[in-house]
Amino acid sequence: MRHSLHRMTQTAILIGSLSLTGAALAQSDTQPQGLYSADELMDADIFLSDNPNEDVGDVEDVLLGEDMSVQALVIDTGGVLDLGDTHRVVDRDNFTLETQNADDLDDLEYRVTLDMTRDEVAKLPEYDNDWWQDAKGQARQAWDDTKQGAESAWQSTKSATADLLDDASDALNDN
């Protein structure tokens, strides 16, 4: 009897763990695409999807999140020879990266294409201290929300597992 209860406990815990793992995998909609060089990405030329031959700027910086994934690019656009240019923030959902000469590290180049018009680029947030402070606060809040959601999911799973174990114990005692 004790052995059966122990086995049922292990099974319930395993089922709970698998359901959490499955939920985490289902939420991940991107898979690793390869290895990229941040050094080569810096100063990569920027183009617009509606005008793929017009160079509208270059990559000035790469912004990383807590998990070290690329969250956004800072682009340098609108100036000539670094005079009159502005730094704008483009989040990762609004650009694509094309690798050129991927077989040769010495000739590796990237081409960044923005999925927006020139007018939309002009409306992107400017990369300055106010933007930085606001983005840090939002990222911290998102992290706290994620932590709380994970804790809540754990509590729900723990409670459901305890209920299953109670039901299984009651069923065994009734026999």
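This is a predicted model: local features need pLDDT of at least 70, side-chain atom pairs count only at pLDDT 80 or more; totals for chains, interfaces and linings use all residues.
Reader: Which residues form one aromatic cluster here?
Author: Residues are numbered from 1 along each chain as its sequence is written, and side-chain values use heavy atoms, with hydrogens and water left out. Rings of Phe, Tyr and Trp (its six-membered ring) pair if their centres lie within 6.5 Å; planes under 30 degrees apart are stacked, over 60 edge-to-face, and the rest tilted. The one cluster is made of Tyr-127, Trp-131 and Trp-132.

Reader: How many aromatic pairs does the structure hold, and what is the geometry of Tyr-127 and Trp-132?
Author: The total is 4 aromatic pairs.

Reader: Why is the pair of Trp-131 and Trp-132 tilted?
Author: The ring centres of Trp-131 and Trp-132 are 6.4 Å apart. Their planes sit at 50 degrees, so the pair counts as tilted.

Reader: Is Trp-132 buried or exposed, or in between?
Author: Buried means under 20% relative accessible area, exposed over 50%, and partly exposed in between (1.4 Å probe, protein chains only). Tyr-127 has 26%, which makes that residue partly exposed. Trp-132 has 35% relative accessibility, so the label is partly exposed.

Reader: Which residue lies over the face of Phe-47?
Author: A charge sits over a ring if NZ of Lys or CZ of Arg is within 6 Å of the ring centre and within 35 degrees of the ring normal. Here the distance from the ring centre is 3.7 Å, and the residue is Arg-111.

Reader: What stands opposite Arg-111, and how are β1 and β6 joined?
Author: Strands (E, at least two residues) are DSSP runs numbered from the N terminus, and two of them pair if DSSP finds at least two bridges between them. β1 (residues 45-48) and β6 run parallel, with 4 bridges. Opposite Arg-111 in β6 stands Asp-45.

Reader: How many residues of β6 are buried, and which residue is the bridge partner of Phe-95?
Author: β6 (residues 109-114) is mostly covered, with 5 of its 6 residues buried. Its antiparallel pairing with β5 (residues 95-100) runs over 6 bridges. Phe-95's partner in β6 is Leu-114.

Reader: Which residue takes a positive phi in the hairpin of β2 and β3?
Author: β2 (residues 51-64) and β3 (residues 70-77) are antiparallel, joined by 7 bridges. Their hairpin has 5 residues between the strands. The one with phi near 70 degrees is Met-68.
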